[in-house]
Each structure stands twice: as C-alpha cells, then as structure tokens.
Amino acid sequence: MTQQDFRIDPQSWKADLPVFQEATRRFYAGDASVKEYKGISGGFGSYAQKGGKASMLRLRTPGGRLNREKLAFVARCVRQYGVDKLHFTTCQTIQLHDLQPDVLFAIMEEALDVGIVTRGGGGDFPRNAMVSPLSGVEPGEYFDVMPWAEAASEYLMTFIKAQKMPRKLKVGFSNGPANLPHATFRDLGFAARPDGTFDVYSAGGLGINPKLGLKVAEAVPPCEILFHIRAMWELFLAHGNYENRAKARTRYMQDTLGAEGYMAAYRETLAKVKAEHPELVLEVSPAPIPKTGDGSSAAGRRILAQKQEGLYAVHYHPLGGCPAPEQMAALSDLLSGMPGAELRLAPDESAYIVNLTGQEAMAVAELTADSARDLFETSVACIGASICQQGVGDSQKLLRDCVEAVRAAHLKDGALPQIHISGCPSSCGTHQTGVIGFHGGVKVIDKAPTPAFTLHLYGSDRQGQERFGKQVGMLLARDIPSFLVRLGRTVEASGLDFDAWCAANPGAMETIAADFLV
C-alpha cells in the first residue's frame with residue numbers, strides 16, 4: 001500500500017464546513033453554550049477564545065512541514081485578513097488567533113486549496129502527527145523518519161469519520177535519542193533505531209496523571225507502522241473510557257488493564273489487525289533533496305550544517321512561540337526566491353528553515369534576528385489564560401516577565417536552562433518534561449486569589465532518561481522572575497553552566513526555591 005491509496009483529497013473536507021459554520025453562527029448569536037460549541041468546533045480545529053468574542057484556528061502541519069506554498073498562505077492570511085496573532089504549538093501546528101466568524105470561515109476553506117487541513121485539529125480525533133523537526137537533514141540521525149510520519153498522518157485522517165474515539169490520539173516519530181516529539185510517551189510513538197527499524201511505545205501522555213509509554217514492540221520494520229496505528233485505534237475503541245471524560249485517554253488504560261494486561265491486549269489486537277488487514281504493509285521511501293550547495297558557506301549561533309553537503313538550516317525561536325505576523329509574511333517573501341527551502345515547526349515552539357545555501361542561510365538568519373538571544377529565551381509557554389478557555393495562569397505574560405528580569409540581570413547564556421510553562425495542568429507547555437517547569441494556578445493571599453504557578457523540577461524527555469518533573473510547591477507569579485534570577489546568579493558564580501552545576505549540586509534548586517514557596 002502506498003500513501004496515495006488512503007490519502008483523502010483535502011478538497012473533500014469542504015463538504016463538512018456548513019456544519020461548522022452553522023454552529024459558529026449560533027454560538028456568536030448566543031444560542032449555544034461554550035461547552036456545546038466546543039463539542040462541535042474542536043473537530044474542525046477551532047475553539048472560542050476566552051470571553052467568547054473571538055476564535056482561534058489550528059492549521060494541521062504533518063511533521064511540522066510548511067513548504068513555500070503553505071507558508072505563503074499564512075502570509076496571505078496575515079495581509080488579507082489582518083491576522084494579528086500567531087502561535088507555534090508544542091504539537092508542531094500553527095494557531096491563528098483573534099479571528100471573527102467570516103474570517104474564520106474564509107481561512108478554513110482557503111487553507112484546503114493549499115493542502116492545509118484543520119479537520120480533526122481538536123476534539124476527540126487523531127491529532128497532528130509529530131516528527132523530529134530536522135528529520136532527513138540532521139547529521140547523525142538514525143534514519144529519516146519523515147516519510148513514514150507523513151504517511152501515518154494521512155492514514156490517521158481516515159479515522160476522522162469512523163467510529164468516534166473516547167478522546168484525542170497523539171502519534172509521534174523520533175529520529176534519534178533526543179526524542180524531541182516525545183515518541184516514548186505519546187499515545188503511540190515510533191522511536192527510530194540505528195538499524196533502520198522502530199521501537200514502538202504506547203499509552204503514554206502528559207497532563208494530569210502523566211504516564212511514560214510502554215514499549216509494546218521492538219525492531220519493527222517501517223513498512224509495518226500502519227498495523228500498529230490500526231491496532232492502537234481499535235484498542236482505544238475497545239478499552240477507552242467513554243463514561244468519564246477526564247480519564248478518556250490511552251494512558252488510563254495502563255491503570256484499568258495494568259501494564260502487563262495492556263501489553264498483552266495490544267499484542268493480541270496487533271495480531272488480529274495483521275491477519276485481517278494484510279494490505280496495510282506500507283511502501284514509502286525518503287525523497288532525495290535535489291538541491292545542492294552553491295559553494296557559499298554560513299556560520300552563526302543559529303545556523304546548522306545539514307548532512308547534505310553545502311546546505312544549512314537556520315533555527316528561529318520567537319519569544320513564547322509567537323512570531324510577529326509581519327515577520328512571518330516577510331520570511332515567506334524571502335523564501336519565495338529560495339528553491340527547495342521550507343519551514344519546519346519544532347515541538348519546543350521554534351522553527352527551522354531548511355535546505356538553504358550558505359548565502360541563503362545568512363539572509364534568513366539576518367531576517368530572523370528577533371529570535372531568542374540565548375538558551376533561556378528559547379523557553380516554552382502555551383498560549384495561556386488570556387486566550388485559552390481552559391487556562392488558569394497567563395503563561396505568556398510569565399515568560400515575558402521572566403525574560404525581562406533575566407535580561408536586566410545580565411545573566412550569561414548557559415546560566416539558566418530552557419524552562420516550560422503551562423497555563424494549567426494539561427501540559428500544553430510540556431512543563432512536566434522540563435528540568436524547570438511551571439503550571440498555572442491560584443493561591444489565596446490575604447483572602448484574595450493571586451496568580452501562582454506550581455513548580456516542577458528535574459524533568460527530562462531524552463530517550464533512556466525520561467522522567468516527569470517533581471512537584472515542589474507553588475510560587476506566586478510575581479516572585480518567579482526573582483527566583484530565576486537568584487538561581488542564575490548562583491550558577492554563574494560557580495563558574496559552571498547550568499547542567500554541570502545541577503549535576504554537581506543535587507537538591508540545590510529546591511533549596512533556592514524554598515525561599516519563594518507559598
């Protein structure tokens with residue numbers, strides 16, 4: 001089976017749009033509640049923002065890939081419809097914010113003309129397939145996993161109109177032990193091996209009651225990935241919790257079935273799928289990159305040499321994953337004259353512009369000079385409570401306040417790590433994976449509810465070292481910048497970088513944090 005055998009024409013999704021449009025008109029007219037509307041709109045990749053006066057739209061970008069045509073579409077939305085807020089998400093999608101209904105309808109429909117689908121971008125559906133962002137161009141990767149991830153994304157779309165699942169299903173592919181897409185703790189994850197096969201992990205996930213995935217298969221030939229996706233879907237349908245929405249995620253099957261029981265059920269379902277669907281053997285292969293270097297070279301803090309000789313990638317991390325819309329439009333204009341170039345979204349809310357000659361890389365680096373200045377400024381923050389209906393803490397404001405304080409303290413690069421901030425326990429900012437993470441909440445101080453965040457320490461997402469951060473206690477939002485500055489100054493005074501200091505001083509972060517806990 002090839003990808004074309006199950007690929008759904010993006011234009012066919014237009015037939016569903018009237019359902020969404022009618023529900024949206026009813027909501028904005030006050031004839032539907034937030035909950036009623038969310039039950040419909042999420043399946044189309046859209047949610048009402050806090051206050052119910054504007055909407056967001058999530059553009060699915062399988063593997064985080066935006067070629068020049070798709071990037072030009074985003075630029076066109078910025079210019080034609082006045083889109084004034086963009087956000088790179090930790091699931092490698094782009095969110096457009098502050099949209100009114102007529103603009104929302106137009107963008108959703110026009111996106112299909114360039115192959116961008118929003119259907120299933122939210123709600124109880126398979127989500128955007130995630131991939132190591134430099135797959136195919138990264139020196140030292142085990143192998144290029146992108147073709148299989150893109151095929152998986154197409155196959156997952158065939159479940160959108162099938163039997164309704166209990167909740168969302170997230171699938172990830174990693175090309176090496178850095179494990180950027182968290183393949184080892186997704187609902188279903190494919191972790192590349194040096195021998196060109198995958199280890200498969202299942203029933204993992206972040207958020208309330210997080211779980212590391214269970215390794216359910218080893219050394220799986222890439223041609224067999226669709227068997228595993230079908231088996232995961234059928235297993236979730238059979239054992240997912242339809243009664244308690246709070247527990248309707250695959251990771252809770254580890255609790256109900258037990259780890260051994262879950263793995264036995266998975267393997268039994270996999271054997272059944274292989275017997276009943278032999279056609280799911282997948283035939284894809286990496287596409288060669290026809291572009292070659294032109295003899296020019298490039299160097300810089302954000303410039304990386306690709307494994308293709310003479311080609312480069314440029315790392316771009318706008319603060320909080322929120323690029324200025326006009327910057328994205330300008331980037332699209334620049335790339336329009338660079339054949340083969342494309343933008344790859346990363347799971348830490350950054351992006352890589354790949355397949356550039358040396359001269360092109362220098363031009364892109366110059367244009368994206370608003371990127372994070374150091375490691376700390378690449379910190380991750382979900383869109384936060386000022387926009388998200390579910391949000392409790394304003395994660396974007398907290399990150400801005402922290403960056404401002406750290407800049408004012410003139411801390412050196414390396415004194416602080418990348419931190420992760422979520423506006424609530426759902427972990428959209430992946431706070432549970434960071435060596436320092438926060439999730440939003442409220443603390444009553446002098447009988448007044450005060451913005452606060454719970455501190456998590458010592459998380460790691462690297463394969464073989466996976467662990468979720470330890471909850472230490474709550475800090476008032478206004479005190480967190482001071483905590484980080486004190487921590488950074490302590491590290492700086494040691495003469496070590498943060499990682500070396502942390503390894504040499506176990507428990508020292510908790511000691512420093514103790515003065516700020518409430």
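Contact here means heavy atoms within 4.5 Å, and helices (H or I, at least four residues) and strands (E, at least two) are DSSP runs numbered from the N terminus. The model is a predicted one, in which local features need pLDDT of at least 70 and side-chain atom pairs count only at pLDDT 80 or more, while totals for chains, interfaces and linings use all residues. Residues are numbered from 1 along each chain as its sequence is written, and side-chain values use heavy atoms, with hydrogens and water left out.

In H1, Val19, Phe20, Ala23, Thr24 and Phe27 meet Val34, Tyr37, Ile40 and Ser41 of H2. The axes of helix H1 (residues 17-28) and helix H2 (residues 34-41) come within 10 Å and cross at roughly 165 degrees, axes being lines fitted to C-alpha atoms, for helices over the stretch in contact, with angles from 0 to 180 degrees between N-to-C directions. H1 is therefore roughly antiparallel to H2, a term that applies to angles over 145 degrees. The crossing of H1 and H2 is left-handed, that is, the near helix is turned anticlockwise from the far one by less than a right angle, whereas clockwise would be right-handed.

## Helices H3 and H4

Helix H3 (residues 68-81) packs with H4 at an angle of about 155 degrees, their axes lying 11 Å apart, so that H3 is roughly antiparallel to H4. The contact is made by Phe73, Cys77 and Tyr81 of H3 together with Val103, Ala106, Ile107, Glu110 and Ala111 of H4. The crossing of H3 and H4 is right-handed.

## Nonpolar cores

A nonpolar core is a set of buried Ala, Val, Leu, Ile, Met, Phe, Trp, Tyr and Cys residues joined through side-chain atoms within 4.5 Å, where buried means under 20% relative accessible area (1.4 Å probe, protein chains only). The largest such core has 54 residues, and those with the most contacts inside it are Ile107, Leu335 and Leu356. Helix H4 (residues 101-113) gives the most to this core, with 7 residues. Apart from it lies another core, of 45 residues, among them Leu169, Val171, Met232 and Tyr262.

## The open sheet

Five strands form an open sheet of mixed pairing, in the order E15-E16-E17-E18-E19; two strands pair if DSSP finds at least two bridges between them. Strand E15 (380-381) and strand E19 (470-476) are the edge strands, each pairing on one side only. Helix H11 (residues 395-409) packs on the sheet, touching E15, E16 and strand E18 (448-457), and its direction makes about 145 degrees with that of E16.

Methods:
Buried < 20%, exposed > 50% of the residue type's maximum accessible area, 1.4 Å probe, protein only. Parallel < 35°, antiparallel > 145°, perpendicular 65-115°, else oblique.
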